[in-house]
Amino acid sequence: MNYLQRQFHALLDHCPDERKEIRSLRKTAFDRFNQLGFPTKKWEEWQFTDFSEIRKNEYRLASGKDLPKIPDKIPGLIPDTYSVIIINGHYQPQLTKLPMGVSVKSHEEFFQFDENVYSLNGNKNPFLALNTALMNSGVSLIVEPDSIIEKPIQIIHLTTALSDQFMNHPRLVLNIGKNSQAALVEHYIGETEIPYFVNPVTQVLIDGNASLNHIRILEEDVSCCHTATTNYILKNDARLNTTSFSSGAKLFRHDIKLDFTGDGGEAVFNGLCLTEDQQHHDQHVIVDHQQNFCQSRQLFKYILADKSSGVFNGKVVVRKNTKQTDADQSNRNLLLSPSALMNANPQLEILSDDVKCSHGSSTGELDDDAIFYLQTRGIDSETAKLLLIHGFANEIIEKVKPISVQDYIHNQFTDWRS
Amino acid sequence: MLEIKNLCAAVENKEILKGVNLNVKQGEVHAIMGRNGSGKSTLANLIAGKNNYSVTSGEVYYKGKNIADISPEDRALNGIFLSFQYPVVIPGVNTTYFLKEALNAKRRNREKDEINAADFMRLIKEKLKEVDLDETYLKRSVNDGFSGGEKKRNEILQMLILEPELAILDETDSGLDIDALKTIAHGINQYRREDRAIILITHYQRLLKYAVPDYVHVLMNGRIVKSGGKELALELEEKGYSWLE
């Protein structure tokens with residue numbers, strides 16, 4: 001029996017009163033995970049990432065004992081936001097501040113409300129199955145219809161003061177009601193040198209004519225392996241703007257899937273990955289244009305230093321007989337060292353004629369001509385390089401709204417490698 | 001101010017400069033003319049300190065010092081300025097920030113305080129008028145989305161703000177319509193002073209009508225084959241270059 005099986009049985013024993021539908025869902029999901037196993041180099045969509053660390057490390061599920069003394073100052077808290085705080089997997093209702101129009105539900109409550117959100121639907125992602133089997137953390141947030149939430153809601157997942165290596169499988173469900181507007185900062189922070197594993201799944205539904213600004217910040221400690229799945233469903237005229245900023249975790253894999261299930265949806269993805277030492281960041285994005293008049297934009301940038309590596313695999317699918325799809329996908333990477341490595345694979349799968357699609361990818365080093373240009377203006381070569389790296393990142397950072405979140409990301413970027 | 005002695009330089013084993021001699025004194029304006037590929041830009045880049053050339057022999061002296069081992073930034077801080085034939089686009093770096101950074105690098109080098117925001121804006125607005133650019137350029141990334149003419153005017157703007165002692169303008173007049181050309185010439189004439197020197201690199205005589213040089217040199221095949229006064233430019237306009245071969 002491997003450690004995951006032991007942990008799975010321990011979890012079932014620990015919560016014998018859980019609804020039987022959830023128990024049976026967990027069992028189905030765990031069977032699915034066992035069938036699939038951890039990804040290997042032979043799996044096309046996973047080939048550039050080595051998951052042996054997660055397979056070998058015997059993480060245990062976080063338990064009640066793992067709740068440390070609540071820090072006086074929660075790290076990463078961005079001013080002028082509503083907040084939901086989760087520490088070592090434990091939701092802290094007393095620290096939660098939410099506005100009118102937004103409610104929190106436990107998974108048990110949300111499951112009754114909409115169990116489809118938890119169904120695996122033939123998904124072949126083993127980490128989604130593993131999360132469904134072991135989900136032990138997270139919250140469901142419901143934004144009622146016709147609600148304009150002015151300030152962003154920041155969900156902090158803090159991992160701190162560990163005694164031994166543990167894991168969490170947070171499940172975050174976010175429903176944005178019709179005609180509503182909200183911003184969410186999904187923030188992972190680690191302050192421990194003990195190895196840990198975080199495997200979140202985030203399910204987002206944006207209902208008709210609603211809009212969401214979703215910012216994901218990954219600042220796990222480098223002792224962390226973080227495998228994430230984010231699924232978006234956009235109904236008629238729904239709008240999504242996402243920014244992903246990741247600088248933490250030794251291993252980061254993110255599977256993002258967006259389904260336009262109604263006409264007229266719009267989605268923007270901006271991503272900035274910063275890696276150094278031996279870090280490895282792997283992002284897979286699938287945007288599925290199933291309906292008409294939908295627009296998607298992707299710009300993913302990586303800055304890779306030392307011996308770090310990155311993977312970007314983006315796919316835009318345009319279904320048969322859809323009208324007026326407009327999709328653009330761009331991946332640009334900056335290598336700061338000759339030992340850094342990037343694998344990029346932007347793809348289009350277009351089955352309709354009525355489309356406007358473009359994609360591209362480029363990987364390069366800092367531009368010597370630009371460095372020389374700055375030097376001839378009296379700027380020393382080290383400052384010139386920093387200026388160019390900032391310029392490269394700024395294209396993503398300056399688009400982040402609101403300004404409080406932009407400032408936070410800008411500061412974190414400035415601190416990177418300094 | 002600048003003394004070039006028998007300068008020979010190669011790129012990837014191809015010899016480009018084959019013994020250039022040039023002497024530029026304070027207060028002088030020199031034009032270097034020649035066809036494409038004659039070595040004009042190589043000469044300009046070498047004076048500014050670009051390091052992908054190998055200097056096979058000869059020396060460049062600036063203010064009496066051999067500058068072979070001086071970095072491009074230190075040359076700039078000591079007063080050498082190069083206006084690029086093709087100014088480099090730097091996405092994501094704001095023009096105001098860049099200009100301020102460059103100006104402050106110079107001030108720090110002279111042990112002056114950094115310029116305060118209000119003085120800087122006053123200075124920049126005044127200089128923008130000289131080159132006929134509006135303030136919206138300041139909000140854009142350096143040369144990003146600028147037209148050819150805007151890029152060249154931006155180079156002159158930097159020259160006016162940084163106030164170098166030796167300005168080398170590499171084909172700053174190419175690809176400009178007559179109004180833009182007059183603006184560039186106006187900028188050059190604003191800058192021209194007894195204690196400064198200018199090297200105008202061009203293959204057209206047109207700019208030299210508005211920014212009149214003291215000396216004209218013809219660079220051909222890596223050597224200066226003829227030098228003269230401003231009338232040489234007119235002669236070249238009339239006869240072309242082939243009579244010098």
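A: What follows is a close look at one helix and its surroundings. This is a predicted model, in which local features need pLDDT of at least 70, side-chain atom pairs count only at pLDDT 80 or more, and totals for chains, interfaces and linings use all residues. Residues are numbered from 1 along each chain as its sequence is written, chains are lettered from A and ligands numbered from 1 in the order in which they are written, and side-chain values use heavy atoms, with hydrogens and water left out.

Helix α8 of chain A covers residues 403-415, where helices (H or I, at least four residues) and strands (E, at least two) are DSSP runs numbered from the N terminus. Its 13 residues reach 18 Å from the first C-alpha to the last, close to the 18 Å expected, a span taken as 1.5 Å times one less than the number of residues. Just after α8(A), A:Arg417 takes a positive phi of about 60 degrees.

With α7(A), the packing angle is about 155 degrees and the axes are 11 Å apart, the axes being lines fitted to C-alpha atoms over the stretch in contact, and angles running from 0 to 180 degrees between N-to-C directions. That makes α7(A) roughly antiparallel to α8(A), since angles under 35 degrees count as roughly parallel, over 145 as roughly antiparallel, 65 to 115 as roughly perpendicular and the rest as oblique.
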